[in-house]
Amino acid sequence: MPPTPHRRDPAQLPAGLVLDVPEAPAPYSGPGVPPDADRFTFALISDRTGDARPGVFERGIAALNTLNPVFAIQVGDLVEGYTDDPAVLDREWAEIDAMLAPLRMPLFHVPGNHDVANDTMRVRWLARYGRLYYHFRYRGVLFLLLNTQDPEIAPSPEVSARLDARLAAAGDDEELRREAFFAELDWEGVPQAAALSDEQLAYAEAVLAEHTDARHTILVMHMPLWQGSHDGPADGTGHPAYLRLRAALGGRPHTMFSGHVHNYRATEADGNRYIRLGPTGGCWVYGDGDPGNVDHVTLVTIDRDGPHIANLALDGIRGADGTPV
């Protein structure tokens, strides 16, 4: 029996594609692609600091330029921070400006704990970027960018002292520094050391109420508010701010992204994805072999079926000349 020809249906090809084949069989297979004028791709790039590894974040910027999304979002921790010394902050932000200078698309910013650790740093952030939390809408998709350092919750003095001592003893030994961060800080705790003020939560609730017609909602924050809420006790225990956001979201489709932990982990609840990104240069906090240890950027394509997420390890991205970014 001869094979069944692939019947040509121009309406099922991408908009603008003209196939110069007047009869069946057609030289393509697979399902058709319904026209979707609202399809677009954006990207996320993750933590640079928390013991930044030189050169990695710069490769992430080169990867974004190679992948060419319509815009990108950085999930916080650009500078090492944790200082109110103007000279140190000027030097660190000048370094960031140089790293971001080659970028060929808009980059939206989310504050991390290293970026806004005190009043001096928050003033600097506001002078540069104008907002600590905000929203925008693009092709029917609502983007809500939140500040999980509202206010900043610092580690206890005892934890800070132990961590400083261990880091001093570790010197430049990357593995000893990783072990110090892992041992002294709570990376999986419930609730996370994150805070959203009542003012910010009221803002988020008002935005969500105003945009009930959004076809999808993307929430981006530095610390993963949802940790423990999906895989913890069945009594609904979770971060109060996360529970309030979930109530405001209702049943609408949404996706949440965060950074902070420097380790990739994806969970799902009620058909919605919650993605904790790995780093883009921040130090590992888990040991060798952990599958979440990956420096990457994330591409998200949104079409009529919702978001399609691809995580691209920097080691696997090569430019047009065939060399790694």
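This briefing describes strand pairing, salt bridges and a charged surface patch in one protein structure. The model is predicted, so local features are given only at a pLDDT of at least 70 and side-chain atom pairs count only at pLDDT 80 or more, whereas totals for chains, interfaces and linings use all residues. Residues are numbered from 1 along each chain as its sequence is written, and side-chain values use heavy atoms, with hydrogens and water left out.

**Strands and their partners**

- Helices (H or I, at least four residues) and strands (E, at least two) are DSSP runs numbered from the N terminus, and two strands pair if DSSP finds at least two bridges between them.
- Strand β1 (residues 40–45) is mostly covered, with five of its six residues buried, where buried means under 20% relative accessible area, exposed means over 50%, and partly exposed lies in between (1.4 Å probe, protein chains only).
- Strand β1 is joined by six bridges to strand β10 (residues 296–303), the two running antiparallel, and Thr41 stands opposite Thr301 in β10.
- Strand β1 also pairs in the parallel sense with strand β2 (residues 72–74) over three bridges, with Ala43 standing opposite Ala72 in β2.
- In strand β5 (residues 141–145), five of the five residues are buried.
- In a regular strand the side chains alternate between the two faces of the sheet.
- Both faces of β5 are covered, with Val141, Phe143 and Leu145 buried on one side and Leu142 and Leu144 buried on the other.
- Strands β4 and β5 pair in the antiparallel sense over five bridges, and Tyr134 has Leu145 in β5 as its bridge partner.
- The hairpin of β4 and β5 has two residues between the strands, and Arg139 there takes a positive phi near 50°.
- Strand β5 pairs with β6 in the parallel sense, again over five bridges, and the bridge partner of Leu145 in β6 is Val220.

**Salt bridges**

- A salt bridge is a side-chain nitrogen of Lys or Arg within 4 Å of a carboxyl oxygen of Asp or Glu, and by this rule the count comes to 17.
- Arg137 forms a salt bridge with Asp213, the closest N and O atoms being 2.9 Å apart; the pair links distant parts of the chain, 76 residues apart, with Arg137 in strand β4 (residues 134–138) and Asp213 in the loop between α6 (198–210) and β6 (216–220).
- Arg137 counts as partly exposed because its relative accessibility is 34%, whereas Asp213 is exposed, with a relative accessible area of 54%.
- The side chains of Arg244 and Glu205 meet in a salt bridge of 2.7 Å, N to O; Arg244 lies in helix α7 (residues 240–249) and Glu205 in helix α6, so the pair ties together parts that are 39 residues apart in sequence.
- Asp270 forms a salt bridge with Arg246, the closest N and O atoms being 2.7 Å apart; Asp270 is in the loop between β8 (265–269) and β9 (272–276) and Arg246 is in helix α7, 24 residues apart.
- Asp270 is exposed, with a relative accessible area of 66%, whereas Arg246 is buried, with a relative accessible area of 18%.
- Arg162, Arg166 and Glu184 are linked in a network of salt bridges.

**A negative patch**

- Asp172, Asp173, Glu174 and Glu179 gather in a patch of negative charge on the surface, where patches are made of residues with over 30% relative accessible area and no salt bridge, like charges being joined within 9 Å and nonpolar side chains (Val, Leu, Ile, Met, Phe, Trp, Tyr) within 5 Å.
- Glu179 is found in helix α5 (residues 174–184) and counts as partly exposed because its relative accessibility is 32%.

Definitions and conventions: Accessible areas come from the Shrake-Rupley method with a 1.4 Å probe; for residues, only the protein chains shown count as cover. Lys and Arg count as positive and Asp and Glu as negative; His and the chain ends are not counted. The place of a charge is taken as NZ of Lys, CZ of Arg, CG of Asp or CD of Glu.
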